[in-house]
Amino acid sequence: MSTDVSALAGQPVIIGGGAAGLMTALQLAPAPVVLLSRSPLGAEASSMWAQGGLAAAVGDDDAPALHLQDTIAAGAGLCDEEAASRIVDAAPAAVERLTRLGVGFDRRPDGVWQLGLEAAHSRKRIVHATGDGTGREIMRALIAAVRRCPSITLIEGFEARQLIVEDNAIKGLLAANERGSLVIPTNRVVLATGGIGGLFQDSTNPMGCFGQGLALAARAGAILSDLEFIQFHPTAFDGPSRPMPLLTEAIRGDGAILIDETGQRFMANEAGAELAPRDIVARAVWRRRAEGHRVFLDARQHPGKDFAQRYPVISAFCRMAGIDPANDPIPVRPAAHYHMGGIAVDGEGRSTVAGLWACGEVSRTGLHGANRLASNSLMEAIVCAQWVAESVSGVAGSAAALRMPTALPPASDPSMVRPLVSQGLGVLRDRPSIERAIRNLYPMARANGATADPALVGLMIAVAALGREESRGGHYRTDFPDTLPKGAPSTFTLAGALGVAGEIIETELPIRSVQS
């Protein structure tokens with residue numbers, strides 16, 4: 001049975017209850033807005049798990065120009081310099097905005113920010129809270145602010161299943177749960193659904209984060225960009241928990257090193273050593289493990305006895321696993337962590353579909369390029385939320401009569417997709433493994449079952465990965481290990497991706513008929 005939500009008609013709808021969605025809703029106040037979250041706020045948000053913090057040039061020895069320089073270097077030739085410059089320039093003000101909302105960032109005794117150092121940063125510029133609990137503290141403050149904001153209508157427990165589009169313009173959305181469905185007529189929708197880590201078996205993201213926003217946008221006709229670039233964090237805790245607990249880069253910033261079970265420090269001779277860009281460290285750890293070794297983060301000397309005080313969250317889950325980081329090396333392995341690609345948006349977060357915006361990890365702003373600089377993600381979400389809100393506010397709301405969907409799309413289940421994506425689109429890739437993923441994902445993506453949307457997102461990533469015949473940033477092809485002299489973003493629509501995948505399927509048919 002459908003729920004009548006006529007009172008909400010014409011209001012902007014934000015889909016997603018992480019930092020990007022919450023901040024966009026708060027920035028729209030006091031204008032009325034609907035915030036739609038599949039789970040209770042914070043329960044499935046990757047923002048809640050963020051440990052390192054938020055990158056901003058707030059130190060006396062720092063400047064936005066230096067932050068930009070580091071961002072572009074990490075982005076491996078694919079950053080949009082103009083967009084990146086605008087975003088990092090606004091980062092210090094974003095820290096102040098969060099402070100006013102009640103986020104308790106760590107300070108030194110003299111009241112100055114306590115700044116951390118992370119990989120590929122030339123300065124200490126990571127603003128953090130409660131040591132390694134930054135995401136939790138930011139989400140605590142934002143959730144409290146949203147719940148007490150009278151202009152925000154919060155709908156928890158409903159999942160957006162379909163965007164209703166006519167003539168390349170948003171007309172509304174369909175949401176549902178196990179009890180029923182609701183349709184909201186609106187010409188303004190903001191996707192803030194997070195990343196795609198839940199498509200992988202080893203991930204630091206909540207397992208429900210499988211790229212729902214990308215599927216919604218793709219089926220609505222939006223252009224997507226750079227989907228092949230996935231950041232694998234090199235130091236996820238090697239244990240049975242999912243999502244995998246993260247060992248923040250700040251530990252390596254404090255002097256911890258990577259060793260194998262023999263005690264060999266295998267990153268010692270690499271440029272930047274343990275603080276090289278994440279893609280380099282992740283590949284080194286992956287290869288070491290592929291050679292039959294186990295890999296450990298050794299913090300016994302640095303930070304040593306101060307570990308529990310510096311990193312209370314990590315110390316707690318290590319203790320639960322019987323590990324004392326001051327005395328024991330911590331087992332680690334790479335895990336899917338962040339998606340640099342996403343819905344192609346302009347400087348205000350607008351997609352190529354009228355009335356559809358994207359904010360946070362689901363978007364591709366041009367900040368991250370091929371490889372995100374550590375702690376630029378929370379910063380991007382908070383900064384861009386303001387610009388998205390301003391853009392949404394500049395469009396008059398309307399609620400046209402809707403042409404109702406003929407059927408309710410089912411709830412998604414990515415469990416069957418995870419092994420296919422993990423095997424074909426991991427840290428190291430090649431044409432045979434990517435094509436195998438395409439052949440397996442294509443029929444699922446074309447069906448109407450619970451695997452359709454997760455398979456579609458995996459398929460689009462695979463098509464993008466197949467088309468990029470080079471290695472750059474978070475995308476590494478063992479059959480094309482070199483980086484081309486000039487990089488260009490990848491862009492395509494759902495129709496284009498299905499067309500490429502269909503051609504690959506068709507080329508396999510004659511081979512199979514001969515072999516049968």
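This note sets out numbered points on the structure above.

1. Basis of the note. The model is predicted, so local features need pLDDT of at least 70 and side-chain atom pairs count only at pLDDT 80 or more, while totals for chains, interfaces and linings use all residues. Residues are numbered from 1 along each chain as its sequence is written, and side-chain values use heavy atoms, with hydrogens and water left out.

2. Salt bridges. Side chains of opposite charge can pair when their charged atoms come close. The structure contains 33 salt bridges, a salt bridge being a side-chain nitrogen of Lys or Arg within 4 Å of a carboxyl oxygen of Asp or Glu. One of them joins R278 to E249, with the closest N and O atoms 2.7 Å apart. This pair links distant parts of the chain, 29 residues apart: R278 belongs to helix α8 (residues 278-290) and E249 to helix α7 (residues 249-253). Helices (H or I, at least four residues) and strands (E, at least two) are DSSP runs, numbered from the N terminus. Both R278 and E249 are buried; buried means under 20% relative accessible area, exposed over 50%, and partly exposed in between, with a 1.4 Å probe and protein chains only.

3. R288 and D260 form a salt bridge at 2.8 Å, N to O. The partners are 28 residues apart, with R288 in helix α8 and D260 in strand β14 (residues 257-260). R288 is buried because its relative accessible area is 14%, and D260 is buried at 2%.

4. R468 and E470. The side chains of R468 and E470 also meet in a salt bridge, at 2.7 Å from N to O. R468 counts as buried at 8% relative accessibility, as does E470 at 2%. Elsewhere, salt bridges that share partners connect D202, D238, R242, R289, R294 and R333 in one network.

5. Cysteines. How many disulfides does the whole structure hold? The search finds 0, where a disulfide is a pair of cysteine sulfur atoms within 2.5 Å. For C149, the closest cysteine sulfur is that of C359, 17 Å away and therefore too far for a bond. The sulfur of C359 has its closest cysteine sulfur in C384, at 5.8 Å, which is also too far for a bond. C149 is buried at 14% relative accessible area, and C359 is buried at 1%.

6. Aromatic pairs. The count comes to 4 aromatic pairs. Rings of Phe, Tyr and Trp (its six-membered ring) pair if their centres lie within 6.5 Å; planes under 30 degrees apart count as stacked, over 60 as edge-to-face and the rest as tilted. The ring centres of F237 and F317 are 5.4 Å apart and the planes lie at 70°, so this pair is edge-to-face. F237 is in strand β13 (residues 230-237) and F317 in helix α10 (residues 312-320), so the pair ties together parts that are 80 residues apart in sequence. F237 is buried at 9% relative accessible area, and F317 counts as buried at 15%. F307 and Y311 form a tilted pair, with 5.3 Å from centre to centre and 55° between the planes. F307 counts as buried at 1% relative accessibility, and Y311 is buried at 2%.
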